[in-house]
Amino acid sequence: MNLNFLRRFAFGANPKRIEHPLFGTALLMETKSGPYWEIETVVWDRPFTVIIDTQGDEEPTLEQIDFYRRFTDDPDAAFAFASKLLIKEYEKWTGRSFPSHWKTAFAFVGLSIPLAGNPRNVWDLSFDCLTDSAGHQFTCCVENGEPSHVTVDG
């Protein structure tokens, strides 16, 4: 199912669009919980989704760009940040031991960026599972600067 189609259907056919020098095309989505920029880009030769929380229609801030770079410049550090919860959920979900190298099990495919790039706000990191045929996505939710829980969807 094409989630972009569903989002556009739900939030209007013509959301505001900007061309950002780093992120490329960004669409402003309006929700009950607040607006955000949605970006589909490519990182490490893979599709990568970026969600950037905003106020009104404010474009991504320098702090949010720095936040993005911190995680996308070092995917090993991004995984390490969430690894304790991701590994536990992976083993629970698959019934297997986690492999010796995380990139055998997961691909880092998405990041949400909190308001002002403040890691104490709510945000998350998403990883596609590479070892199951169903294509599950593991999302580590972060609250108060610490990984809080993992959700799994397909």
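Contact here means heavy atoms within 4.5 Å. The model is predicted, so local features need pLDDT of at least 70 and side-chain atom pairs count only at pLDDT 80 or more, while totals for chains, interfaces and linings use all residues. Residues are numbered from 1 along each chain as its sequence is written, and side-chain values use heavy atoms, with hydrogens and water left out.

Begin with E89, which is found in helix α3 (residues 75-94). Helices (H or I, at least four residues) and strands (E, at least two) are DSSP runs, numbered from the N terminus. Leaving aside neighbours within four places in sequence, E89 is in contact with F138, V150 and V152. E89 counts as buried because its relative accessibility is 16%; buried means under 20% relative accessible area, exposed over 50%, and partly exposed in between, with a 1.4 Å probe and protein chains only.

Side chains of opposite charge can pair when their charged atoms come close. The term salt bridge is used for a side-chain nitrogen of Lys or Arg within 4 Å of a carboxyl oxygen of Asp or Glu. How many salt bridges does a search of the whole structure find? The search finds three.

One of them involves E89, whose side chain meets that of K92 at 3.9 Å, N to O. Both residues lie in helix α3, three residues apart, about one turn of the helix. E89 is buried, whereas K92, at 64% relative accessibility, counts as exposed.

Another salt bridge joins D57 and K16, with the closest N and O atoms 2.8 Å apart. D57 lies in the loop between β4 (46-53) and α2 (62-72), and K16 in the loop between α1 (3-11) and β1 (17-20), so this pair ties together parts that are 41 residues apart in sequence. D57 counts as partly exposed at 40% relative accessibility, and K16 counts as partly exposed at 36%.

D76 forms a salt bridge with K103, and here the closest N and O atoms are 4.0 Å apart. This pair links distant parts of the chain, with D76 in helix α3 and K103 in helix α4 (residues 102-105), 27 residues apart. D76 has a relative accessible area of 38% and is therefore partly exposed; K103, at 41%, also counts as partly exposed.

Now turn to D132, in the loop between β6 (123-129) and β7 (137-143). The side chain of D132 does make a polar contact with the side chain of H136, at 2.4 Å. A polar contact is a pair of N or O atoms within 3.5 Å; within protein, one must be able to donate a hydrogen and the other to accept it, and residues adjacent in sequence count only if both atoms are side-chain atoms. Not counting residues up to four places away in sequence, D132 touches W93 and R96.

The cysteines come next. A search of the whole structure finds zero disulfides, a disulfide being a pair of cysteine sulfur atoms within 2.5 Å. C129 counts as buried at 5% relative accessibility, and C141 counts as buried at 13%.

The aromatic rings remain. A pair of aromatic rings is described by the distance of the centres and the angle of the planes. Rings of Phe, Tyr and Trp (its six-membered ring) pair if their centres lie within 6.5 Å; planes under 30 degrees apart count as stacked, over 60 as edge-to-face and the rest as tilted. The structure holds 20 aromatic pairs. In one of them, the rings of F48 and F108 have centres 5.1 Å apart and planes at 85°, so the pair is edge-to-face. F48 in strand β4 and F108 in strand β5 (residues 106-113) are 60 residues apart, so the pair links distant parts of the chain. Both F48 and F108 are buried.

The rings of F67 and W123 have their centres 4.8 Å apart and planes at 90°, so this pair is edge-to-face. F67 lies in helix α2 and W123 in strand β6, so the pair ties together parts 56 residues apart in sequence. Both F67 and W123 are buried. Ring pairs also link W44, F48, F79, Y90, F98, W102, F106, F108, F127 and F138 into a cluster. F138 in that cluster is one of the residues in contact with E89.
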